[in-house]
Amino acid sequence: MVVYQRVHDEILQALKDNVYPVGTLLPPEPELERIYSVSRTTVRRAIAKLSEEGYVQVRQGYGTMVLKNIYPSETFEFSRLHHFENTLSIRHVNVPNPEKMSARGMYINTVPADKVVSEALQVLV
């Protein structure tokens, strides 16, 4: 296994274990280098892959923010989203031509959840 893939997988497991909750920052690169005993290049490749997959967002001068973590049921808690661009970063959503989307207004309608969805989100039907 390539070293950056190992670091990627370990950080992904940490997300699953909620070590880094949604909305928090991952440790800075030097600390990740120390934790995983790898080079900065390796850390950056692992973080870049996590960013491509939509799990984190890298902001230069700010840090790496956790956008979502991995839940055992492969569901995602939309209620934790606070910004429109974070909603668009979700990889579980199939949006045709996302580059052509814009935010002019957002309406939220409630609809009854089917049994599978309500069980996954642990809500009453």
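Ser 37 sits in the loop between H2 and H3, where helices (H or I, at least four residues) and strands (E, at least two) are DSSP runs numbered from the N terminus. Its phi is near 55 degrees, a positive value in a residue other than glycine. This positive phi comes just after H2.

A positive phi is also found at Asn 18, where the angle is near 60 degrees. Asn 18 belongs to the loop between H1 and H2 and is partly exposed, at 36% relative accessible area.

## Basis of the values

The model is predicted: local features need pLDDT of at least 70, side-chain atom pairs count only at pLDDT 80 or more, and totals for chains, interfaces and linings use all residues. Residues are numbered from 1 along each chain as its sequence is written, and side-chain values use heavy atoms, with hydrogens and water left out.

## Overall fold

The protein chain has 5 helices and 2 strands. Read from the N terminus, the order of its elements is α-α-α-β-β-α-α. Of the 125 residues in the chain, 30% are buried.

Contacts (heavy atoms within 4.5 Å) between residues at least 6 apart in sequence include 50% that join residues at least 24 apart. The accessible surface of the chain is about 9,000 Å², and carbon and sulfur atoms account for 53% of that area; accessible areas come from the Shrake-Rupley method with a 1.4 Å probe, and for residues only the protein chains shown count as cover.

## The buried side of H2

Helix H2 spans residues 29-36, and its buried residues are Leu 32, Glu 33 and Tyr 36. They cover an arc of only 105 degrees around the axis, so they lie on the same side of H2; the arc is taken from the directions from the helix axis to the C-beta atoms. The cover over these buried residues includes helix H1 (3-16) and helix H3 (40-52).

Side chains of opposite charge can pair when their charged atoms come close. The whole structure contains 4 salt bridges, each defined as a side-chain nitrogen of Lys or Arg within 4 Å of a carboxyl oxygen of Asp or Glu. One of them joins Arg 40 to Glu 29, with the closest N and O atoms 3.6 Å apart. Arg 40 lies in helix H3 and Glu 29 in helix H2, so this pair ties together parts that are 11 residues apart in sequence. Another joins Arg 44 to Glu 29, with a closest N to O distance of 2.9 Å. Here Arg 44 in helix H3 and Glu 29 in helix H2 are 15 residues apart.

Arg 40 also forms a salt bridge with Glu 33, at 3.1 Å from N to O. Arg 40 is partly exposed at 36%, and Arg 44 is partly exposed at 45%.

Thr 42 is in helix H3 and counts as buried, with 14% relative accessibility. Its side chain makes a polar contact of 3.1 Å with that of Ser 39. A polar contact is a pair of N or O atoms within 3.5 Å; within protein, one must be able to donate a hydrogen and the other to accept it, and residues adjacent in sequence count only if both atoms are side-chain atoms. Not counting residues up to four places away in sequence, Thr 42 touches Val 3, Tyr 4 and Val 7.

Ala 14 lies in helix H1 and is buried, at 11% relative accessible area. Leaving aside neighbours within four places in sequence, Ala 14 is in contact with Val 19 and Tyr 20.

## A nonpolar surface patch

Val 117, Leu 121 and Val 123 make a nonpolar surface patch of about 230 Å². Patches are made of residues with over 30% relative accessible area and no salt bridge, with like charges joined within 9 Å and nonpolar side chains (Val, Leu, Ile, Met, Phe, Trp, Tyr) within 5 Å. Leu 121 lies in helix H5 (residues 115-121) and is partly exposed, with a relative accessible area of 44%.

Definitions and conventions:
Buried < 20%, exposed > 50% of the residue type's maximum accessible area, 1.4 Å probe, protein only.
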